[in-house]
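I opened a new notebook page for this one. Here is what I looked up, in the order I went.

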Amino acid sequence: MELYVGGTAQGKLTYVLEKQNKNGNTITVADGESCTAEEIKKADIINHLHLFVKRWLEEGKPKEELLDAIKQADPKVILICDEVGAGVVPMKREERDWRETVGRLCCELAKEADRVERIICGIGVRVK
């Protein structure tokens, strides 16, 4: 598993696709904003992981099961997630809970990932 994080609109997906397309393979990208759990299991790349987490929580699913749901994906899956914990703390409890859940999930995923990179202005900086 690989994890790529960074701010909004920092070129994370483009960066990852450029790295992966060097082999000329067909790449399946699941968009966390709208994909199903089944699509996540089959995807090579899961983009917008933070939005998948948001939908998961909005559907009332237990956050304790979230890590297992993501781990059901291919062990070689590439995860792309916006950093959502910086900036002004939201007034709504749900928004604060979502940000905390995304942060804690990324910490757990980073522990297990073979590679972790932070993308800034389309440039990757390897963290692990």
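I started with salt bridges, meaning a side-chain nitrogen of Lys or Arg within 4 Å of a carboxyl oxygen of Asp or Glu. This is a predicted model, where local features need pLDDT of at least 70, side-chain atom pairs count only at pLDDT 80 or more, and totals for chains, interfaces and linings use all residues. Residues are numbered from 1 along each chain as its sequence is written, and side-chain values use heavy atoms, with hydrogens and water left out.

My search of the whole structure gave 10 salt bridges. One of them joins glutamate 95 to lysine 54 (3.3 Å, N to O). Glutamate 95 sits in helix H5 (residues 93-112) and lysine 54 in helix H3 (residues 49-58), so the pair ties together parts 41 residues apart in sequence. I took helices (H or I, at least four residues) and strands (E, at least two) as DSSP runs, numbered from the N terminus.

Next I looked at glutamate 117, which meets lysine 19 in a salt bridge at 2.9 Å, N to O. That pair links distant parts of the chain, strand E5 (residues 115-120) and helix H1, 98 residues apart. Lys19, Arg115 and Glu117 form a network of salt bridges.

Is glutamate 117 buried or exposed? It is buried, at 1% relative accessible area, while lysine 19 is partly exposed at 24%. My cut-offs were buried under 20% relative accessible area, exposed over 50%, and partly exposed in between (1.4 Å probe, protein chains only).

Last, I checked for disulfides (pairs of cysteine sulfur atoms within 2.5 Å) and found 0. For cysteine 106, the nearest cysteine sulfur is that of cysteine 81, 3.7 Å away.
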